[in-house]
Amino acid sequence: MIFTEEQLRKYAKPLSETEENQCKNAIRMVVDALKTIGFNERTSIQKMYSETPSFEVMMKSNDDYEVKIFLQGSYANNTNVRQHSDVDIAVVQIDQFRPKYRVGVSKTNYGFITASSKSKTFKDIVQSALENKFGDDVERKNKSIKIHGNSYRKDADSVPALRYRDYSYDYRFDPENYVGGILIKADDGTEVINYPEQHIKNGIDKNKKTNLYFKKMVRIAKEIRYQMQDEGYEFAQKASSFGVESLLYNVPDEIFVKYNYYKYIFDDIVEFLYDNKHSINSFFEVNGIKKLCYDSDDREKIYKGFIDELKGFYSYEIEPVKFFL
């Protein structure tokens, strides 16, 4: 498909002020719901970083639950495509955590104790709070709890999780010197460790290093992926928004700043991905910690296939040469 410079510039536009307010309101929905079961705000709703709608708030319950609630996903990273994205909200229990240590190190070195089990899971507690507030608009899913939107609010996915602390690179036994992630315990028994806070920070850093072109190009890539899905492209159907953003994160910074025309920048991005797809197993997620295809041959196949499809799908308008007599 042939894209014009004007189209690409439209796709690259960031959140509107209205959408940013909707993000803040989504956080407020979860905060207000938790208040119905005895949680209180310890901080006001504020941004982790001024560059994105990365809203966060700390809360504590009467029975000593401490939680950090923050926006994650495409809205938090300001890489969403208009009208396509739900608001993703992490609801992270931080008074307890799952640690990871170096070989030969244990909780004893840090003075940690094993937390006692509770009668209800944290996900059950969050679900109860949301149902108190939103009733039948709440739907429990395998990894999240969905709040269905209406004419006043967007759909929101709240993700109850436990703080994950990786002490692998701490050599002074400092309880605060860890890489922080979130541990999602799915209903089917699987566990997933993600690093959304690092994703937000690294995305901001790369955006600055590329003169703000990184996130513009990510928005373009996501919009084109949706168009490819509409056309029935197999691997575009399977590639995630997160994965597409991660592909572009692995493109060298200098490619983003080589031209002023969006069509040329994006063409070079596609060329780089196509020429380097054989190295996709070395590509990192935007968090810079996990490999994009670290545990899945299927994921490698999907993203190689998506790159091939993108290479064939994307082309840009060539302006006619003007001759003067």
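Salt bridges in a predicted model

Visitor: Which side chain meets that of E41 in a salt bridge?
Guide: This is a predicted model, where local features need pLDDT of at least 70, side-chain atom pairs count only at pLDDT 80 or more, and totals for chains, interfaces and linings use all residues. Residues are numbered from 1 along each chain as its sequence is written, and side-chain values use heavy atoms, with hydrogens and water left out. A salt bridge here is a side-chain nitrogen of Lys or Arg within 4 Å of a carboxyl oxygen of Asp or Glu. At 2.8 Å, N to O, the partner of E41 is K35.

Visitor: What is the relative accessible area of K35?
Guide: Buried means under 20% relative accessible area, exposed over 50%, and partly exposed in between (1.4 Å probe, protein chains only). E41 is partly exposed at 29%. K35 is also partly exposed, and its value is 38%.

Visitor: How many residues apart in sequence are the parts that D124 and R140 tie together?
Guide: D124 and R140 form a salt bridge with their closest N and O atoms 2.7 Å apart. Helices (H or I, at least four residues) and strands (E, at least two) are DSSP runs, numbered from the N terminus. D124 lies in helix α5 (residues 122-134) and R140 in strand β7 (residues 138-140), so the parts tied together are apart in sequence by 16 residues.

Visitor: Is K146 buried or exposed?
Guide: The side chain of K146 meets that of D155 in a salt bridge at 4.0 Å, N to O. D155 is partly exposed, with a relative accessible area of 28%. For K146 the relative accessible area is 7%, so K146 is buried.
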